[in-house]
Amino acid sequence: MSEMTTDSMGATDATDAIDAMDAGPAGMVSDRDPTDAPVMIHLDGVEKIYTPGADPAVEKLTLDIHKGEILVLVGPSGCGKSTTLRLINRMIEPTSGRIIFDGEDVTDIDPNELRRRIGYVIQRIGLFPHQTIAENVGTVPRLLGWDAKRTRTRTDELLDLVGLDPSEYRDRYPKELSGGQAQRVGVARALAADPPVMLMDEPFGAVDPITRDRLQNEFLRLQAEVQKTIVFVTHDIDEAVKMGDRIAILRERSIVAQLDTPARILAYPVDDFVDDFIGSGSTLKGLHFERVSGLDIPEYPVVRRDTSREDARRLLEASDNRWLLLLDERGRPARWLNDTHLADTSRPLHEIGPVVRALVERNATLHDALEAMITSSAGQAVIVERDGTYAGVVQIELLTEVIGRMRQEARKHYERLEAAQESGASSSGSGA
Ligand code: ADP
């Protein structure tokens, strides 16, 4: 797992995380439907009223959290995210409603018993300052009565897992750690008894943006390995989009405004509240969720070193494109050629025209492709195979088309849902 940390050192945006994970469970480009997995936690009309007579902090919330997914609860401050999270492990007792955990009604069991099955990570994780890192990580195993040897083995394993060398860190104290390291220890501590479920309340909220980004990437990699069921609270929509297999956008009283995959929410916010909350740039963010390999790439005019100028000119004229792509002797993209270049007879073609630099592989996201396009002299990105040979050209029109299609598909999805709900409502209405 040391690879996890070294690799992630330079990772500064979501795309790096995606590439590293290659569409892992919380990858932005995943065709997996999180709701195909069985339900791990079922909240059934769970309500919390702190002050009798006042508005509920959480109003009759019914929600399924599926095995192995990261479900992000996101919404404005005070909308009830933390309360909802704490209801799940009964740090707060619900006023009414039931909590079903892996098929078992846990609403009335001993909360300590429940909490052993649920890891909990919070902002400024509250490590015990007078305990070493190893003692902190071993908190739950000690409570569970594990012997010293087993606890030690598990602690070292976990420190390793979160990218902290046990020999270097196990005997240190929390104050000797940076914010990011402390947060990793917090994650290790929550994972100690290998709970199937983790609750995370703004876990990366207290660190600087670069560290946060790195911790998020590490965490996604870790999750690809440990595959926990995770409920993750944040007020930051970008973090939600990056971390969530699904996102529940909450309005006041923890009412679900929209619950779906990030891709679908970005493509089709159901109302003004969601639209405002997502903010600008949702279309661009949405491009993180599609891969170049999913595109239907039209033919593009290419020439080789042995193509004559005459043939090249004819090819360009016959095409709708302003540029020809010249491949080198090994079939790799070399240069862009337009009619000015073709008219320049002072040098051979393979010495004229801008060098092709904007290359993307098939597993790149459309966001990567767009970035490549913007930097390309020809305004288009060239797709290459792993060995660098030419595979196709992506143009802006194709991206526009894909964006339109994403929106349309998401809209149809919601229309179908609505129709199903209406017919459900009318049939139950007629049966009553
Ligand atoms: P969020 O996590 O979305 O910021 P919270 O769950 O912390 O929201 O709070 C939801 C609402 O419940 C807020 O109006 C908050 O003031 C209220 N609240 C939270 N905790 C308590 C408490 N212990 N006693 C009374 N009211 C509370």
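In this predicted model, the shell of residues around the ligand divides into 3 nonpolar, 6 polar and 1 charged. The surrounding residues are Tyr50, Ala57, Gly75, Ser77, Gly78, Cys79, Gly80, Lys81, Ser82 and Thr83.

A residue is counted as buried here when 20 or more other C-beta atoms lie within 10 Å of its own. After α3 comes Arg90, which has a positive phi, near 60°.

Strand β7, residues 197-201, is likewise mostly covered, with 4 of its 5 residues buried. Strand β6, residues 118-122, runs parallel to β7 and is joined to it by 5 bridges. Within this pairing, Ile118 has Val197 of β7 as its bridge partner. Strand β7 is also joined to β8 by 5 bridges, and these two strands run parallel. Here Met200 is partnered by Phe232 in β8. The chain segments β7, α10 and β8 together make a right-handed β-α-β unit.

The loop between α10 (209-226) and β8 (229-234), in that unit, contains Gln227. The phi of Gln227 is positive, near 50°, in a residue other than glycine. Most residues other than glycine have a negative phi. Gln227 has 16 other C-beta atoms within 10 Å and is therefore partly exposed, a class that lies between the limit of 20 or more for buried residues and that of 12 or fewer for exposed ones.

A positive phi near 50° is found at Asp102 as well, again in a residue other than glycine. Asp102 is located in the loop between β4 (96-101) and β5 (104-105). With 15 other C-beta atoms within 10 Å, Asp102 is partly exposed.

Notes
Residues are numbered from 1 along each chain as its sequence is written. This is a predicted model: local features need pLDDT of at least 70, side-chain atom pairs count only at pLDDT 80 or more; totals for chains, interfaces and linings use all residues. A residue is near a molecule or strand if its C-beta atom, placed from the backbone, lies within 6 Å of it. Ala, Val, Leu, Ile, Met, Phe, Trp, Tyr, Cys and Pro count as nonpolar, Asp, Glu, Lys and Arg as charged, and the others, Gly among them, as polar. Two strands pair if DSSP finds at least two bridges between them. A crossover is right-handed if, with the strands pointing away from the viewer, the path from the first strand over the helix to the second runs clockwise.
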